[in-house]
Amino acid sequence: MQIELKKGDISHRKAMQQIVDYKNEPGNGYGNSLLCFMQLFIVSNGGRTLYFANNKNQHFAFNADEQFLPVYEFADIDNKKINGLYDFTEKFLTKCTLGEMISKYMVLVESEQKLLVMRPYQVYAVKAIVDCIHQNRGNGYIWHTTGSGKTLTSFKASTLLKDNPDIEKCLFVVDRKDLDRQTREEFNKFQEGSVEENTNTETLVRRLLSTDYADKVIVTTIQKLGLALDGTYKKNYKERLEPLSGKRMVFIFDECHRSQFGENHKAIKEFFPNAQLFGFTGTPIFSENATYQIREGEEASYKTTEDIFQKRLHAYTITHAIDDRNVLKFHIDYFKGKGTHQAKPGEQIAQQAVVEAILDKHNAATNSRRFNAALATASINNAIEYYQLFKEIQIQRQAEDPNFEPLNIACVFSPPAEGNKDIQQIQEDLVQEKEDNKQNPEEKKAALKLIIDDYNKQYGSNHSINEFDLYYQDVQRRIKDQKYANKDYPHKNKIDITIVVDMLLTGFDSKYLNTLYVDKNLKYHGLIQAFSRTNRVLNDTKPYGNILDFRSQQEAVNTAIALFSGEDNGKAKEIWLVDPAPVVIDKYKQAVEKLGIFMQEHNLVNEPQEVYNLKGDAARIAFVKNFKEVQRLKTQLDQYTDIDEEQQAQIEAILPKETLQEFRSSYIETAKQLREIQQKEGDQAPPEIQQLDFEFVLFASAVIDYEYIMSLIADSTQKKPSKQKMTKAQVISLLSANANLMDEQEDLTEYINSLDWNSGQDEDTLRKGYDTFVVEKNEKELAAIAHQHGLQTEELKAFVEKIMNRMIFDGEKLTDLLAPLELSWKERRVKELALMADLVPQLKKLAQGREISGLAAYE
């Protein structure tokens, strides 16, 4: 463990980046001494203390694709933050607590070579379960909100129980086959081979009877467990399990409030009288939300979570999680439509109006398709109707507007089971789909076949309704594939909107799904579970989870917030929901005015080009901080779906689009200059520059990438009229205003300047021309480096090619390259450093953001 004490305010991002940079410096010993076994870093300025796990460099990205592992604040059992250094030292750094944290509560994700440290609330939950078992104090439940890492908590509880000799078996029980697979994969990610697949109930029974240590922790579905304990079942598993009946068993249930849970709970308690049952839930069942509708006019009741599990062992509610930024707030747009008629709560509006609204708002809601969305519908018939409508309306829009880019629409709902055990198991908790499939099943099958056929044509796959589970898995994978940039994984392979009924509204996680369109009545835990699909934290390009509700369910939302907020429901609404648009517009206006006052204080007009006249680093730092806040608020406003034309005009008047773009260029240029000082001077740089956090991710565009720029040049150089025609200077200005093109900006700008703007070249010619331009430029630069250091150009080129082919820097090959110079070892070391100082920037440019293993020592 290493403790870093800092002066002044700490940006968690910057604190982490500085330590990562420090680790990379040659001579600091992180790669070749005991320091490479460092597990934990702690950073404090006295008043605020943060900690995070040590990891390999690939888990930290601070560029325009910003992504890094979590930073933690310590808290007590009630989630009260312990930030002061002295309090933190007293609670966290005592020998026992620190020893436990490092030995018990850190997890290696083997498949990703990643070290995780558990969050305080996860540690308290694990301790509560382990203590309850140690003292044999009955059952209990953990209320940890959706998205807070329940799988990691349950994995750690299970593995600690593995070494308890008093416990015969620990079963982690999920309620659907897809969650069984997902949980098993998660457990095996934490520790390879920690749980095996139970292909059927026979396998489950065999593993329950096994004395093998590897079979002590078992992940299974509640359906398989139910069959194993069913005395009337023909294979009579129950009789075979009789020797276990008196043993101490532990059952941990994921999302422990499902409709079928009550019957299975009774069977478990009767057969295993000495068993202890623990439940994890993000949305407990209270008396207020205990009833649910089976079908129109027919209701049933869940048992409350407390009825089944006796007592709450620990709570970490969605209010806590949002407050901690472990999950995001929600922006809810209650759709009003264009007419004067106001829909009543729960009332359905015309499906065509819904589709038109989604097509109009989707780009804004998803930050120009950087993210994707789901559409929750009220029935299978509705889902089919919506799927058809999207097809028809998008074809119509394409005919009317050649520039319209259609959305990729997928649809998934379970087919009629017809005796298929896998489908029956999937449908156990899909109440609406199960009922819907009883009416006209052949029609639904035919519709799903057509949907799957369309899917196969779109994505080049070969799925069929007979292997529905494989289709369902592929849909989930494609939703998650949104994480890849379009240049690496073209948009045609991705899903923009997935139409669902019950599926994917519980248990499915993707950081790149940020929007839920709702055309079904939701309430209580169903509402919270569905909304929570959108609020996983990524970075500042995703400021909140977006909900566009077409059923005017404001009252249902307020009721759910009050019920699931935990103790402090007075402030819950304020914590859960983002500020309405007028409030953020006002904040945006104030931020722009503050920027204007700052420029005036430096005797400059509030214009983008005047930024280059700021004198001294202190003024440039102040500009970076001021304009970063302007851009943060603009990013939030860009994703609001309920901004009307008047508000849009107001936003434009505050800072016109072209002026904003030019300010972004000035920001990126200024930030690059300051970043260069950070990188060159390191610890010797002034503290205020060291602490500066540029957040380039706020200035990255999902639309303006390499492909877009090439298309724009092609349109702009045509002699015929074009909608997107721009001058050379305008294209270069657009290019310089987006952080995701920072590394290519210099080359692209030079290439654009070299073009004849009236030549009328097509995209393909331009791309080939740019590739040739870059190759020739790199060769000239390598030739200049070779000449400067007395090397043969061809040998240096071959040396660089080998590095790029393997993405590995080999120090021995560098020695071979310099051998013809016949230098002494001291002279060779000096020459190596001088050569690498020139070569590293070249290699990094060629790598385009990918890591070259072994190069860090020379950076």
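Buried means under 20% relative accessible area, exposed over 50%, and partly exposed in between (1.4 Å probe, protein chains only). This is a predicted model, in which local features need pLDDT of at least 70 and side-chain atom pairs count only at pLDDT 80 or more, while totals for chains, interfaces and linings use all residues. Residues are numbered from 1 along each chain as its sequence is written, and side-chain values use heavy atoms, with hydrogens and water left out.

View A. Glutamate 794 pairs with lysine 797, with the closest N and O atoms 3.9 Å apart. A salt bridge here is a side-chain nitrogen of Lys or Arg within 4 Å of a carboxyl oxygen of Asp or Glu. The two residues lie 3 apart in H31, so about one helical turn separates them. Glutamate 794 is exposed, at 57% relative accessible area. Lysine 797 is buried, at 17%. Elsewhere, salt bridges with shared partners link Glu746, Asp747, Glu750, Lys777, Glu781 and Lys845 into one network. The whole structure holds 38 salt bridges.

View B. The side chains of lysine 634 and aspartate 638 meet at 2.7 Å, N to O. They are 4 residues apart in H23, and therefore about one helical turn apart. Lysine 634 counts as buried at 15% relative accessibility. Aspartate 638 is partly exposed at 37%.

**View C. The pair lysine 587 and aspartate 579.** A salt bridge joins these residues, with 2.7 Å between the closest N and O atoms. Lysine 587 is partly exposed, at 37% relative accessibility. Aspartate 579 is also partly exposed, at 32%.

**View D. Helices H19 and H20.** Helices and strands are DSSP runs numbered from the N terminus (helices H or I, at least four residues; strands E, at least two). The axes of H19 (residues 524-531) and H20 (residues 554-564) come within 9 Å and cross at roughly 95°. Axes are lines fitted to C-alpha atoms, for helices over the stretch in contact, and angles run from 0 to 180 degrees between N-to-C directions. The two helices are therefore roughly perpendicular (65 to 115 degrees). H19 contributes Tyr524, His525, Leu527, Ile528 and Phe531 to the contact, and H20 contributes Ala556, Val557, Thr559, Ala560, Leu563 and Phe564. Contact means heavy atoms within 4.5 Å. These residues divide into 9 nonpolar, 2 polar and no charged. Nonpolar covers Ala, Val, Leu, Ile, Met, Phe, Trp, Tyr, Cys and Pro; charged covers Asp, Glu, Lys and Arg; the others, Gly among them, are polar.

**View E. The open six-stranded sheet.** The 6 strands run in the order S10-S9-S11-S12-S8-S15, with parallel pairing. Two strands pair if DSSP finds at least two bridges between them. S10 (217-221) and S15 (312-316) are the edge strands, each pairing on one side only. Twist averages 15° from one strand to the next. S8 (residues 140-144) and S12 (residues 276-281) run parallel and are joined by 4 bridges. Isoleucine 142 has phenylalanine 280 of S12 as its bridge partner. Helix H5 (residues 150-162) packs on the sheet, touching S8, S9 (169-174), S10, S11 (249-254) and S12; its direction makes about 175° with that of S11.

**View F. Surroundings of alanine 365.** This residue belongs to helix H13 (residues 351-365). Alanine 365 is buried, at 1% relative accessibility. Leaving out residues up to four places away in sequence, alanine 365 touches Asn514, Thr515, Tyr517, Asn546, Gln639 and Thr641. The C-alpha atoms of alanine 365 and leucine 637 are 9.9 Å apart, across 272 residues along the chain.

Definitions and conventions
Angles under 35 degrees count as roughly parallel, over 145 as roughly antiparallel, 65 to 115 as roughly perpendicular and the rest as oblique.
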